[in-house]
Structure formats: C-alpha cells, structure tokens
Amino acid sequence: MSSARVSSFTQALLLASLLLFMTAMSCEAHLTPKYYAKSCPQALSTIRAAVRRAVERERRMAASLIRLHFHDCFVQGCDASLLLKDAEGIVSEQNAPQNFRSARGYEVIDSIKWAVEKVCPGVVSCADILAVAARDSSEYVGGPTWKVKLGRRDSTTAANKDLVQRDLPVAFDNLDELISSFARQGLSIKDMVALSGSHTIGQAQCATFRNRIYNEPNIDHGFAALRRRRCPSSQVLGNSTLAPLDLVTPNSFDNNYYKNLLQKKGLLHSDQVLLSHGPTGDMVKYYSKNQAAFFADFAAAMVKMGDIAPLTGSAGEVRRTCSAIN
C-alpha cells in the first residue's frame, strides 16, 4: 500500500475515533466492572459456569462466543441487537451475509440468560452477557482475561442489512478495507492486529478461503494442498466444510496465529494481508515472538471494543429473552 493511501486511512481512523469518542463518552462513564455488585452479585459466577459447561462440551464454542461479541459491537454498538430474531418490525442481523449460517452460539447465550434470570430476574442485560461470555471463553481456552465493564442495556431494534454489510469485515477484505472498518468503530491499527489474533482459535468455512488456497500466490504450497483436500475448487461443493484457522493449536488461545502468517499459512485472505504493509507486518512479527504482549494488547482492545456505543441509563431495555424485545 502506498504511503499516501496509508496516510489517508490514518486520517480517517483519527476522525472516526474522535467522533466515536465524543458520542460514547457520556454513556461510557456509566459502565463499571462493579455494576451488578449489589443488584446481582451472582451474575458473573453464573455466566462463568455456563460458559465453562458450553466450552467443555464443544471447544470451538469459545471462538464462537468471542465472535458473537465482536459481530454485535461492530454493528450499532454493543447492544445485543445481533441476538434479535425476525419479528414484526425487526429484520434480524443474523440474516446478513457475514452472520448467516456462520455466526453461532446463540443457544448458549440463551441458556446463560435463562440461568441468570433464575437468580436475578430482569437485571442483567444480554449485551453484558455477550461481553462477559467473550472474556470467560478466552480465559477458559488459555487466553487472556480482563475486567469487563458492565451496565450496557439491550436495543429494541436491529440494524438494517446494509449497515451490517458495511460495518462487519469479511474474509476477502484487503488491508485498506480492514483499516477503514475498524476505524469506523474508533479502533486503531494496533487494535485491529491484536483482535485479529482471536483467529488463533475457531474454524472457517471452505467458501471463505477457497480463493486463497487456489488462486493466491502468497501461500505455503503444502498448506494450500492440505486445505484443498476437503475444500474443492467448485463454487457449489463443500462450501460449509470447516477447517481450523490455526492448524497447529486450533483449540488453544496462543500466538501461533501470527507465527502461521509469517509462514504464509494464514487461512483467510484478511489474515494473511496483515503482512502486506510495514506497520501491520511489524506487529505480526512482534506478537509472534511475544505472547505476553499479544495477550495484553488483545485484552485492552477487547475492553475498548466493549465501549462502542453502549446503551445506558434509560436507553433501551433489559430483555427477558435475548432473542426478542420485551
């Protein structure tokens, strides 16, 4: 990418960050890790226990729950709008291309909400459950932990399809598109590279990496051949066949994701492209050698992401069921 283009993206990032900061400051002050200390002291332990049960049953669920929080916050803010199903006046965000038959774990969030409602009816929001579940998922599979600020409320609307498609990154994005997408949310290039490291766990569907393994030159030949075994070149076969994002330690949260990129073994185009530009490439190299730094920066970026346009005070509601408004 040319220096002029990078400069323009940097300017866009700064402007977006400033605008988001100005709109979020008034509500961010209401978020605190101790929000439920008196109103529902069992909230965090109840969520934690439910997350552990879910991840014990299926290790992949840790990645899915982290992704739900990400996909919720990037569209209309961290307001649990993603969880709303189709209803009168609501077209679910779950139908958007980036989520349809891809985002998963909704039933786990429903089960967590049910457990929390048993101990504290009508107190803990679904948006906060998403945030805490993401943190607990990371920790359970060996990743970093962090203090989750709480006090978000749930939206009574879902974002329109165009907004979802604009704001959620896709596996085919180039670096400039990724930078712009994160900048719109007030997240820096450093945040972007750190949050991309969540792809150290989880799996991707063949349709999202087919072009990379058949057509891109910056890929390890052996790695491409291995992935082609279960992902045919046909556009109509094997689209939903899964492959681990990290071939080495697919079920552990570590810094192998970055080591894979250095070996041209990034599964998604949007991952490998981080090496196409000096600053992001330098961060990839740094995190590949320093897991502690990656963990610290990932945790900080998750806290920052959790601050994106939350509803607080009397805005929104605390849903009784996460999939429907009250």
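## Close-up views of a predicted model

Serine 125 is buried, with a relative accessible area of 0%. Here buried means under 20% relative accessible area, exposed means over 50%, and partly exposed lies in between (1.4 Å probe, protein chains only). This is a predicted model: local features need pLDDT of at least 70, side-chain atom pairs count only at pLDDT 80 or more, and totals for chains, interfaces and linings use all residues. Residues are numbered from 1 along each chain as its sequence is written, and side-chain values use heavy atoms, with hydrogens and water left out.

**View 1. Serine 125 sits in the loop between helix H4 (106-119) and H5.** Helices (H or I, at least four residues) and strands (E, at least two) are DSSP runs, numbered from the N terminus. The side chain of serine 125 reaches the backbone nitrogen of aspartate 128 at 3.0 Å. A polar contact is a pair of N or O atoms within 3.5 Å; within protein, one must be able to donate a hydrogen and the other to accept it, and residues adjacent in sequence count only if both atoms are side-chain atoms. Neighbours within four places in sequence aside, serine 125 is in contact with Tyr36, Arg152, Arg153, Asp154 and Val318. Contact means heavy atoms within 4.5 Å.

**View 2. Valine 148 lies in the loop between helix H5 (126-140) and helix H6 (161-167).** Is valine 148 buried or exposed? Valine 148 is buried, at a relative accessible area of 8%. Not counting residues up to four places away in sequence, valine 148 touches Pro33, Ala131, Val132 and Arg135. Leucine 31 is 117 residues from valine 148 in sequence, yet their C-alpha atoms are 9.0 Å apart in space.

**View 3. Helix H7 (residues 175-184) packs against helix H8 (residues 189-196).** The angle is about 105°, and the axes are 9 Å apart. That makes H7 roughly perpendicular to H8. Axes are lines fitted to C-alpha atoms, for helices over the stretch in contact, and angles run from 0 to 180 degrees between N-to-C directions. Angles under 35 degrees count as roughly parallel, over 145 as roughly antiparallel, 65 to 115 as roughly perpendicular and the rest as oblique. H7 brings Leu175, Leu178, Ile179 and Phe182 to the contact, while H8 brings Ile189, Met192 and Leu195. By class, the contact has seven nonpolar, no polar and no charged residues. Ala, Val, Leu, Ile, Met, Phe, Trp, Tyr, Cys and Pro count as nonpolar, Asp, Glu, Lys and Arg as charged, and the others, Gly among them, as polar. H8 is mostly covered: seven of its eight residues are buried.

**View 4. Aspartate 191 forms a salt bridge with lysine 304.** A salt bridge is a side-chain nitrogen of Lys or Arg within 4 Å of a carboxyl oxygen of Asp or Glu. In this pair, the closest N and O atoms are 2.8 Å apart. Aspartate 191 lies in helix H8 and lysine 304 in helix H14 (residues 291-306), so the pair ties together parts that are 113 residues apart in sequence. Aspartate 191 is buried at 9%, whereas lysine 304 is partly exposed at 35% relative accessibility. The structure holds twelve salt bridges.

**View 5. Arginine 104 and glutamate 58 form a salt bridge.** Their closest N and O atoms are 2.8 Å apart. Arginine 104 lies in the loop between helix H3 (61-73) and H4, and glutamate 58 in the loop between helix H2 (43-57) and H3, so the pair ties together parts that are 46 residues apart in sequence. Arginine 104 is partly exposed at 22%, and glutamate 58 is partly exposed at 28%.

**View 6. Isoleucine 213 belongs to helix H9 (residues 206-215).** Isoleucine 213 is buried, at 0% relative accessibility. Leaving aside neighbours within four places in sequence, isoleucine 213 is in contact with Ile219, Ala224, Arg227, Arg228 and Cys231. Serine 233 is 20 residues away along the chain, and its C-alpha atom is separated from that of isoleucine 213 by 9.1 Å.

**View 7. Alanine 80 has a positive phi, near 65°, and is a residue other than glycine.** Alanine 80 is found in the loop between H3 and H4. At 0% relative accessibility, alanine 80 is buried.
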